[in-house]
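Visitor: I should like to learn how to read a model of this kind, feature by feature. May we begin with confidence and then turn to the strands, a helix and the interface?

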There are 2 protein chains.
Amino acid sequence: MPKVTIAQNILAANDSIALHIKQSLAARGIRVLNIMSSPGAGKTTLLERTIERLRGQLGIGVIEGDIETSADAERIEARGAETVQINTRGACHLEAHMIRDALQQVDLERIELLIIENIGNLVCPADWNLGEDMRAVIVSTSEGDDKPAKYPQMFASSQILIVNKIDLLPYVDYNVEKVKRQALAINPHLRLFEMSCRTGEGLDTWCDWLLSFARSDK
Amino acid sequence: MPKVTIAQNILAANDSIALHIKQSLAARGIRVLNIMSSPGAGKTTLLERTIERLRGQLGIGVIEGDIETSADAERIEARGAETVQINTRGACHLEAHMIRDALQQVDLERIELLIIENIGNLVCPADWNLGEDMRAVIVSTSEGDDKPAKYPQMFASSQILIVNKIDLLPYVDYNVEKVKRQALAINPHLRLFEMSCRTGEGLDTWCDWLLSFARSDK
């Protein structure tokens, strides 16, 4: 059977940098959310809608991970959030040292919540801690309802599951209950949200929760 | 800037195995297609529909790559094609040695075309040759129309671009022309197909082309 080729010592070095990031941001009262999904499940759009809704209520900073382009950072910055783009130039996930370097460019005085948008990939990002307090994985109703079973590590290592694009349910073959069941079998502690970032359905519930997360345990 | 961490000598060793696969299958008159996409863009459904339509006309063998589960291989086998499942147990792409080993289980006398369904991932599979004659990348209309610019290596290294789920166009914000323009700017030689594996639109054109590809240059 093929082996996972990431060497354990590289991951251990990453974990050590991630722990330092987590502790130094916690000391400033900043909470960190790492958002992961397939390409196109709606990470950037969720960020846009979230920032719009929480403007004036919560200082949000964003680190945008992409292989190429600064298109997403431009979309987020246009919503008024402090944003730093990381281009990995081919690498399939963010690593903690990239976050450490990007944080040099963030005005930490202005933020209470740091959101990291990872590379669009349901596989590799699951192995790399970035110093986050919480991980959210987004699935969308147009990508097939078998994703938790096929990419279990992503769901096992997350605390939040967002099912996005529920406005498309009439037009696709997607069983939301099956997805929840599969995901909860892998990780019974997942907190579930259903939403459509296009129509706005479910966004109030999400933003209320995010606000309470950002302000908890301080 | 972060470096791509895959060592060149590992890729060179992979290329050497891939070349051997390509040559030994070519000697038997078998052509090889490597299909790649995000999770849920429709690789398995395309295979199901293709096998149904070409049954009796073309001997098709399938190697199914997944991180976990044999659900896809079961779907394909139910359509009557010779199928072997590879489970990578965490690895984010297929490698040539996995194909070499899987081919031990394929009755090569019965097939003219080998289709490899790669792991759902727009990043890592682009770097790994599997002995294919041709690569197809699938994008779907529900995953956002910025994928070629954001994942350029996948589009640069493919010969075919399939835009799937065109039945969803009325319900999503997706500009097919923009996607084609972006993709052709990266790779002007891409052959383009538009289809809906759900409604069947575009599948005849695809199957006609696939048949001529499988039978060409022998």
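Visitor: Over which residues of chain A does pLDDT stay under 50?

Guide: Where pLDDT is low, the predicted coordinates should not be read in detail. This is a predicted model, and in chain A the values remain under 50 over residues 1–5. For that segment the model has 10 contacts beyond four places in sequence. Chain A as a whole averages a pLDDT of 94, and 96% of its residues score at least 70. For the complex, the predictor gives an ipTM of 0.87 and a pTM of 0.91.

Visitor: Which way do the residues of strand 6 of chain B point?

Guide: In a regular strand the side chains alternate between the two faces of the sheet. Here B:Ile160, B:Ile162 and B:Asn164 point one way, while B:Leu161 and B:Val163 point the other way.

Visitor: Why is strand 6 of chain B described as largely enclosed by the rest of the structure?

Guide: A residue is called buried if 20 or more other C-beta atoms lie within 10 Å of its own. Five of the five residues in strand 6 of chain B, residues 160–164, are buried, so the strand is largely enclosed by the rest of the structure.

Visitor: Which strands pair with strand 6 of chain B, and in what sense?

Guide: Strand 5 of chain B, residues 134–140, pairs with strand 6 in the parallel sense over five bridges. There, B:Ala136 stands opposite B:Ile160. Strand 7 of chain B, residues 191–194, also runs parallel to strand 6 and is joined to it by four bridges. In this pairing B:Ile160 stands opposite B:Arg191. Strand 6, helix 7 (residues 176–186) and strand 7 of chain B together form a right-handed β-α-β unit.

Visitor: How does the span of helix 2 of chain B stand against the expected value?

Guide: Helix 2 of chain B comprises 12 residues, 43–54, and reaches 16 Å from first C-alpha to last, close to the 16 Å expected at 1.5 Å a residue. Its buried residues include B:Lys43, B:Leu46, B:Arg49 and B:Ile51. After helix 2 comes B:Gly56, with a positive phi near 85°.

Visitor: How many residues does each chain bring to the contact?

Guide: The size of an interface is often given as the accessible area lost when the parts come together. Counted by residues, chain A and chain B contribute 39 residues each. On the side of chain A that touches chain B, the largest share, three residues, comes from helix 5 of chain A. By class, that side of chain A has 18 nonpolar, 12 polar and nine charged residues.

Definitions and conventions
Residues are numbered from 1 along each chain as its sequence is written. Chains are lettered from A and ligands numbered from 1 in the order in which they are written. This is a predicted model: local features need pLDDT of at least 70, side-chain atom pairs count only at pLDDT 80 or more; totals for chains, interfaces and linings use all residues. pLDDT is the predictor's confidence in each residue, from 0 to 100. Two residues are in contact if their C-beta atoms, placed from the backbone, lie within 7 Å. A residue is buried if 20 or more other C-beta atoms lie within 10 Å of its own, exposed if 12 or fewer, and partly exposed in between; C-beta atoms are placed from the backbone. Helices (H or I, at least four residues) and strands (E, at least two) are DSSP runs, numbered from the N terminus. Two strands pair if DSSP finds at least two bridges between them. A crossover is right-handed if, with the strands pointing away from the viewer, the path from the first strand over the helix to the second runs clockwise. Ala, Val, Leu, Ile, Met, Phe, Trp, Tyr, Cys and Pro count as nonpolar, Asp, Glu, Lys and Arg as charged, and the others, Gly among them, as polar. The expected span of a helix is 1.5 Å times one less than its number of residues.
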